[in-house]
Amino acid sequence: MNNELAFYVHIPYCARRCGYCDFNTYTPSELSISSDLSGVSRNYIDLVIAEISSARKVSKADVVPTIFFGGGTPTLMEPKDLGRVIAAIKNNFDLAPNAEITTEANPDTVNKSKLAELREVGINRISFGMQSAVPHVLASLDRTHNPANVAQSVKDARAAGFDEVSVDLIYGTPGESMSDWQESIDTALSLPISHISAYALIVEQGTKLGAQVKRGEVVMPDDDETADKYLLADEKFKAAGLDWYELSNWSKPGSESKHNLAYWNGANWWGAGPGAHSHIDGKRWWNVKHPTAYKEKISSGQSPMHDQEELTLEEKSSERIMLEIRLARGIDSKTLTAEQISTLEGFKNQGHLLEDSWSSGRIVLSTSGRLIADRIVREILS
Amino acid sequence: MPAIPLAQAPQPSKTKQEQIRNFCIIAHIDHGKSTLADRMLGITEVVEQRNMRAQYLDRMDIERERGITIKSQAVRLPWRSGLDNQEYILNMIDTPGHVDFTYEVSRSLAACEGAVLLVDCAQGIEAQTLANLYLAMENNLTIIPVLNKIDLPAAQPEKFAEELAKLIGCQPEDCLRVSGKTGEGVKELLDQIVAQIPAPSGDANAPTRALIFDSVYDSYRGVVTYVRVKDGHLTARDQIQMFSTGVRHEMLEVGVISPEPVASKGLGVGEVGYVITGVKDVRQSRVGDTITTYNNPTKTALAGYKDPRPMVFSGLFPLDGADFPLLREALDKLQLNDAALVYEPESSAALGFGFRCGFLGLLHMEIVRERLERESNLSLISTAPNVVYTVTDGSGKEIIVTNPSEYPDGKIEKVEEPIVRATVLAPAEFIGTIMELCQERRGVLLGMDYLSEDRVEIRYTLPLAEIVFDFFDQLKSRTKGYASLDYEPVGESEADLVKVDILLQGEKVDAFSAIVHKDKAYAYGTMMTGKLRELIPRQQFEIPIQAAIGGRIIARESIRAIRKDVLAKCYGGDISRKRKLLEKQKEGKKRMKMVGRVEVPQEAFVAALATDADIDKAKAKAKEQG
């Protein structure tokens, strides 16, 4: 496995910022540039390519199994520029023949021809930010797309040759009823997709939504209701042939995101772009956050790294438990201490772990257990 | 020039009785006593201009910050009267201004022949001032009524002159008008002190009797004891004896405060000053006791000595259990300077090791806590304050209960609680509001008088427990801050009291037990269970919270089991952040107190025990700090 290196490529641009989002992304107005990002696309991708060349010098890996364009809004870039990134990776490493190459996409920023171009440059998996099918929920989330665009984009993507199409959903938005959520689930499942990610909305400090909640203008839904929404989603997705493989991810068999599994399995990956994190053999580092700072570092031939950490054995073990417990594969109980097992037994007896897996030596969360995964991790680590 | 250079003024031990005037200033907090005292120090030139600082006599930071005097002081001021051009020595004895320290006030008054009644003429007299005025009149002190702050635009000297005249039985025009701030009228006041207040009487040749009216611990010099020589004299070579204990001490130093300590050859009859004997603990030199000489002791003590008796008890626990020894050290140190503070170790299942502390009253409690936190850098949890109950159990045995945990189980014959006589002064428009509040707090109306057209004095008997709870805060908020309160203990009375326990998952939480009136048990139970439901985070199992009297449940809440405790997203960049959060949460878990299987955050205890007023105070503090 250590021969492999996954690539994450961060595109830190969005046409506008959504109210709940705290990602490292910038709008043209925040950067005081013209709203036409085509010039930015070429220049920015040049920087990313420079970072990838430097990765070659640091990493001993040969094979790149997956590439993931995330953001931000990667589809704001010119497809040919994304193609240049793929080419640069090919130049420096061996791109696996069956490599999974994903891009995130905003339904508003793609059309048939753009989708065809994306497919053409080698991208073979696309993940649409759908969030909800209900207009008032999208409005609460401060999203601008027309829900009908999602269905069209998914169909166009399939027509353009994307076999692997995923949608992202968000539940637990203020004002979202159970039937709103059901409508979003049903709409998503009516689309020709092979993968769904569904996330409970997290209120982050420093976002517009965070401020609204703090001021009391917006009331977040009760945790119990959000838990019920998770259960509903899990049940519906399963019935439609999408099984959970990670806490917030469901797929048809074989359509799991290989790139994201690399994170949870503790594999090595390189994150290129401002603010991107990397992990190689227990060492983590992250780049300077602002695109301008990133540009200055790369242009002057310096590493864009902002800071780093070398994990201790204990930290490595904590991370492994924290990540593996999120997976349907679970944790091999042989890797846990007797004390940890005895703590887990209490959770098993309360129905939070699957009995069958327990007997066969694996720690796998039940649906109720998935909802309290962080608590379980805290208990076994303390 | 009426001021006399210090070196040429009459010297201690050589001052004739007829040259001495001993007086105090009776005033409410904020009415400008310290400013007036500063002005007197300036005018008599005992403090040079360049050394002057605001509130010169208030020594402790807390005193200066809160604008109140906790400990009294005595300052010797030489003065040449503008009326007869003779030299005099004025001893100004500063008195504590709060109800908790009534006993100390009464001893300060006993050291004087006269009192300046100082009233802010924008506010009028307040209940505590009135109480101290009555105390001064009982001690046959000559009262000089003075209206302060006449420079204020809102001053109403005519109105309050009438009020004062009515209270002390003089003419409104007898009230002096001064401004401590500008100095206007202060010289005239000094002259009137000489003219109106009698010189001390006392027999210079009788066996020595000196009244201790204050006793202060100084870390360099040991206990400094402030005395008024009533008969005979003290000289630097004397061996002295405490009348109450018979213990003999060497006199290391005797002197006067002017306003820094100046050693002298002695103190003559009628004089005021300090003695230092090398004792290390103020309890060996108690306020109210009589000092006499070993060689020629008096046979009769001065009247009025009392042991201070704590009225209010509360548990003090360090937030961090490891600080327990530090808390003990801090209390030991504080007790050197506070004879009224009592404490003994206490252990609470919920809060760990701490001390049960007895205080003179709520302000005393607050000051002690603040000093412990500030001077020893401790973070403390205090349990809800309670009074002392006398409980008679089924067998007729009397049990003194200073802590709800001492309340006997089983059959109770009767419970007696301390009762106070409370005086409230307020604008007449609040009569209804005040009566309603007193009624709610089991008060019995004793009477009501109009002090002036629009100000009343309302008298009630009230259980002390009700006042200790949040009476004063309620009174202030319901009267927009206009009412003032004073109270004095008047004994005990039987009442229908019960102990309410709070149970978490069936486990009693001792820190939350309270002794309350039967009619209020339900309200206490619902309030506490409701508060805890909000404060205790949800856990993996349901947690019943109950309030119970003995075995009978009177209120019930429950915290539902948690169903969601997971962050939905965990991708590349989230991993470090999430691991660090987990590590932080692990640390947080260590600070949880376990009640049975239930994890209770420390903050939940603090918040559950806090009164609304505490919360307001904390908010105000947070606001101040931005």
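Before anything else, I needed a rule for pairing: two strands pair if DSSP finds at least two bridges between them. The strands themselves (E, at least two residues) and the helices (H or I, at least four) are DSSP runs, numbered from the N terminus.

Note on the source: this is a predicted model, where local features need pLDDT of at least 70, side-chain atom pairs count only at pLDDT 80 or more, and totals for chains, interfaces and linings use all residues. Residues are numbered from 1 along each chain as its sequence is written, with chains lettered from A and ligands numbered from 1 in the order in which they are written.

**Entry 1, a sheet in chain B.** I looked up β12 (residues 253–257) of chain B and found three bridges to β15 (residues 272–276) of chain B, running antiparallel. Glu253(B) faces Ile276(B) in β15(B). I then traced the open sheet of eight strands, in the order β11-β10-β16-β7-β8-β15-β12-β13 (chain B), with antiparallel pairing. Its edge strands are β11 (248–250) and β13 (261–263) of chain B, each of which pairs on one side only.

Seven bridges link β30(B) to β31 (residues 552–559) of chain B in the antiparallel sense, and Ala547(B) has Ala555(B) as its bridge partner in β31(B). I also saw β30 (residues 543–549) of chain B pair with β27 (residues 497–504) of chain B, antiparallel over four bridges.

I counted contacts (C-beta atoms, placed from the backbone, within 7 Å). That way, 35 residues of chain A are in contact with 21 residues of chain B. On the chain A side, α16(A) gives the largest share, six residues.

My rule here: a nonpolar core is a set of buried Ala, Val, Leu, Ile, Met, Phe, Trp, Tyr and Cys residues joined through C-beta atoms within 7 Å, buried meaning 20 or more other C-beta atoms within 10 Å of a residue's own. The largest core has 168 residues, of which Ala115(B), Leu117(B), Val146(B) and Val424(B) touch the most other members. Another core, of 99 residues, lies apart from it and includes Phe68(A) and Met322(A). In chain A, 43% of the 382 residues count as buried.

Key: Contact = placed C-beta atoms within 7 Å. Buried ≥ 20, exposed ≤ 12 C-beta atoms within 10 Å, placed from the backbone.
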